[in-house]
Amino acid sequence: AAGRDLAGRHVVVSAGGTREAIDPVRFIGNRSSGLQGYALARTAVARGARVTLVAANVALPDPAGADVVATGSAEEMRKAVLSAAGDADAVVMAAAVADFRPAGYHGSKIKKADGAEPEPIRLVKNPDILAELGETRRPGQVIVGFAAETDDVLANGRAKLARKRSDLLVVNQVGEEMTFGRPDNAAVVLGADGSATEVPRGPKEALAEIVWDLVAARLEPLSPD
Ligand code: C5P
């Protein structure tokens with residue numbers, strides 16, 4: 001049992017999926033339910049951490065004992081995560097952040113004009129929050145990313161871990177029904193130290209506990225004062 005091994009620590013967890021607005025009623029979104037991030041937040045509270053949960057578009061009850069910050073878009077999530085990360089011992093980016101957003105926002109609902117072809121939606125890149133955390137981290141801060149891959153899972157995961165300068169990357173193999181919205185998950189957790197921890201299919205809570213085990217092992221000891 002891990003007990004209260006995160007007591008005295010502040011951890012930030014992002015959860016859910018961002019929505020990038022097209023017009024007042026439409027957005028580009030993804031299938032993330034927030035279940036994995038919420039399991040991470042609940043288990044961290046149970047292990048004694050102060051938890052900031054940055055949620056995007058999640059229809060789940062707030063976990064008891066966590067500070068929940070509600071966000072919508074990637075840009076909103078970026079501001080909330082970076083501001084909470086300032087004094088954090090660990091940041092876990094479990095959210096599905098949209099890589100792209102519409103280049104322009106239509107202030108009014110886009111109409112279908114009779115007979116006319118629809119306008120294409122041009123996309124621009126969103127900021128990569130995880131990469132920014134990797135670049136701006138305090139010494140000793142532990143950064144954890146998630147990656148959903150459909151093919152070459154391990155090779156893509158290793159490359160992503162290095163590119164984003166994270167300490168740990170939780171790699172899920174995804175297909176339409178393999179992960180999203182399900183209570184269970186299977187993953188490999190890759191470490192910047194070359195480690196690979198296989199997590200067999202099981203409850204998202206079990207994966208969360210293993211992530212915190214790996215984080216706790218990488219935290220610097222608390223100063224005695
Ligand atoms: O590059 P990819 O989207 O696969 O990376 C996934 C990881 O990076 C997740 O931890 C996700 O939360 C994070 N991410 C991010 N900002 C983005 C895209 C992804 O923080 N714009």
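This is a predicted model: local features need pLDDT of at least 70, side-chain atom pairs count only at pLDDT 80 or more; totals for chains, interfaces and linings use all residues.
Is N185 buried or exposed? At 2% relative accessibility, N185 counts as buried, because the cut-off for buried is under 20%. N185 sits in strand 11, which covers residues 184–191. Its side chain makes a polar contact with the side chain of N172, at 3.4 Å. R50 is 135 residues away from N185 along the chain. The C-alpha atoms of N185 and R50 are separated by 25 Å.

Now turn to the annotated positions. An unreviewed UniProt entry gives the feature "binding site" at D99, K109, P127, D128, I129, L130, F146, K160 and K164. These positions span 66 residues in sequence, and the farthest two C-alpha atoms are 37.3 Å apart, so they do not all gather at one spot. Even so, the lining of the largest pocket includes D99, P127, D128, I129, L130, F146, K160 and K164.

P127 belongs to the loop between strand 8 (123–125) and helix 3 (129–136). Its relative accessibility is 23%, so P127 counts as partly exposed. Setting aside residues up to four places away in sequence, P127 touches E75, R78, R101 and E132.

I129 lies in helix 3. Is I129 buried or exposed? Its relative accessibility is 2%, so I129 counts as buried. Beyond its neighbours within four places in sequence, I129 is in contact with A74, M77, R78, V81, M93 and V97.

Next comes the ligand. Which residues come nearest to the ligand? There are 13 residues around the ligand, and M93, A95, P127, L130 and K160 come nearest.

An N or O atom in the side chain of K160 is 2.3 Å from an oxygen atom of the ligand. At L130 the backbone takes part: one of its N or O atoms lies 2.8 Å from a ligand oxygen. At D99 the side chain takes part, with an N or O atom 3.4 Å from an oxygen atom of the ligand. Taken alone, the ligand exposes 450 Å², and the protein buries 89% of that. D99, L130 and K160 are also among the positions that UniProt lists under "binding site".

Technical notes
Residues are numbered from 1 along each chain as its sequence is written. Side-chain values use heavy atoms; hydrogens and water are left out. UniProt positions are given in the numbering used here, feature names are shortened, and annotations may be inferred rather than shown by experiment. On a 1 Å grid over the protein atoms alone, a cavity is a set of points where a 1.4 Å probe fits but cannot get out, and a pocket is an open set with protein on both sides within 12 Å along at least five of seven lines; lining residues have an atom within 4 Å of a point. Helices (H or I, at least four residues) and strands (E, at least two) are DSSP runs, numbered from the N terminus. Buried means under 20% relative accessible area, exposed over 50%, partly exposed in between (1.4 Å probe, protein chains only). Contact means heavy atoms within 4.5 Å. A residue is near a molecule or strand if one of its heavy atoms lies within 4 Å of it. A polar contact is a pair of N or O atoms within 3.5 Å; within protein, one must be able to donate a hydrogen and the other to accept it, and residues adjacent in sequence count only if both atoms are side-chain atoms. Accessible areas come from the Shrake-Rupley method with a 1.4 Å probe; for residues, only the protein chains shown count as cover.
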